[in-house]
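Trainee: Hi! Could you walk me through this structure? I'm new to it.

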Amino acid sequence: MDSGQVHPSSLSEQLREDVEEQIVTGAYGPGARLDEVELAAAFNVSRTPAREALIQLGAAGFIEKRQRKGWVVAEIPANRLCEMFEVMAELEAMCARLAARRGTEAEHQAILAAHEACRQACEAKDPDAYFRLNEDFHFAIYNASQNQFLIDQARGLQRRLRPYRRLQLRVRSRIGKSFEEHDAIVKAIMAGDADAASALLKAHVVVQGERFADLVASLEACKRAAQ
């Protein structure tokens, strides 16, 4: 990472994302110690953004502070990860329901714009761009719920699951399927069909059956590759 003239807060955000990726792929395994001096050297930044990144990762639950060891990578068992996705699905389903009922014209246009941006990334077969734009799409639905407490809760858990949602999109053909699901969700929201919007978004997010098996397999493959 080249620090250049980038603001420290931008550096810490980028470093946080880089370390998140290392954690979810197994490069930093459960129990691995993360030291701000070593991170700063490894990513060519000063200690300040390294320290800020560690604090952000701790707040999100990726790492935890232990006596005499400092920051270490937290472990999330597969069943716990599944439970977190179940809660995420319920939160997003509620957001979709309220977005269909309460969303303003401007908020609905923001959802449509985010959906179109996802379409372009999908057609370009650009998984990294699609992941970023997919977040924008979900955030637009959160915002249209007009319930700030719900928005805060959804954003918090979404941040915790962010690297795992990114990994999901690496499963073969998942981006195309994801966009098809988005399209149905958008149509339901625009039609004001709260029940359909809620059910469709819940099914889009929840990780069960084959999708959970695919996610676990992807995690194991990434961890083997990192060893």
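Predicted model: local features only at pLDDT ≥ 70, side-chain atom pairs only at ≥ 80, totals over all residues.

Trainee: OK, at what angle do helix 4 and helix 6 pack?

Mentor: Helix 4 (residues 78–102) and helix 6 (residues 127–144) pack at about 60°, and their axes are 7 Å apart. The two are therefore oblique to each other. On that scale, angles under 35 degrees are roughly parallel, over 145 roughly antiparallel, 65 to 115 roughly perpendicular, and the rest oblique.

Trainee: Which residues make the contact?

Mentor: On the helix 4 side they are Met88, Glu92, Cys95, Ala96, Leu98, Ala99 and Arg102, and on the helix 6 side His138, Ile141, Tyr142 and Ala144. Contact means heavy atoms within 4.5 Å. By class, the contact of helix 4 with helix 6 has 8 nonpolar, 1 polar and 2 charged residues. Here Ala, Val, Leu, Ile, Met, Phe, Trp, Tyr, Cys and Pro count as nonpolar, Asp, Glu, Lys and Arg as charged, and the others, Gly among them, as polar.

Trainee: And how are helix 5 and helix 6 arranged?

Mentor: Helix 5 and helix 6 pack at about 165°, with axes 9 Å apart, and are therefore roughly antiparallel to each other. Residues of helix 5 in this contact include Ala110, Ala114, Cys118 and Cys122, while those of helix 6 include Tyr130, Leu133, Phe137 and Ile141. The contact of helix 5 with helix 6 divides into 14 nonpolar, 3 polar and 2 charged residues.

Trainee: What about helix 8 and helix 9, how close do their axes come?

Mentor: The axes of helix 8 (residues 174–190) and helix 9 (residues 194–205) come within 8 Å and cross at roughly 165°. That makes helix 8 roughly antiparallel to helix 9. Among the residues that meet are Ala184, Ile185 and Ile189 of helix 8 and Leu200, Leu201 and His204 of helix 9. This contact of helix 8 with helix 9 holds 8 nonpolar, 3 polar and 2 charged residues.

Trainee: Changing topic: how many disulfides does the structure hold?

Mentor: It holds 0 disulfides, a disulfide being a pair of cysteine sulfur atoms within 2.5 Å. Cys122 is in no disulfide, and its nearest cysteine sulfur, that of Cys118, is 8.7 Å away.

Trainee: Is Cys122 buried or exposed?

Mentor: Cys122 is buried, with a relative accessible area of 18%. Buried means under 20% relative accessible area, exposed over 50%, and partly exposed in between (1.4 Å probe, protein chains only). Cys82 is buried too, at 16%.

Trainee: And Glu20, what is it in contact with?

Mentor: Glu20 lies in helix 1 (residues 8–24) and counts as buried at 0% relative accessibility. Leaving aside neighbours within four places in sequence, Glu20 is in contact with Leu57, Phe62, Arg159, Arg162 and Pro163.

Trainee: Which phi does Arg68 have?

Mentor: Arg68 has a positive phi of about 70° although it is not a glycine. Most residues other than glycine have a negative phi. Arg68 is found in the loop between strand 2 (63–66) and strand 3 (70–73), and is exposed, with a relative accessible area of 79%.

Trainee: Where is Lys125?

Mentor: Lys125 is in the loop between helix 5 (105–123) and helix 6. Its phi is positive as well, about 55°, although Lys125 is not a glycine, and at 70% relative accessibility it counts as exposed.

Trainee: Last one: where is Pro127?

Mentor: Pro127 is in helix 6 and is partly exposed, with a relative accessible area of 37%.

Methods: Residues numbered from 1 in each chain as written. Heavy atoms only, no water. Axes fitted to C-alpha atoms, helices over the stretch in contact; angles between N-to-C directions. Helix = DSSP H or I, 4+ residues; strand = E, 2+ residues; numbered from the N terminus.
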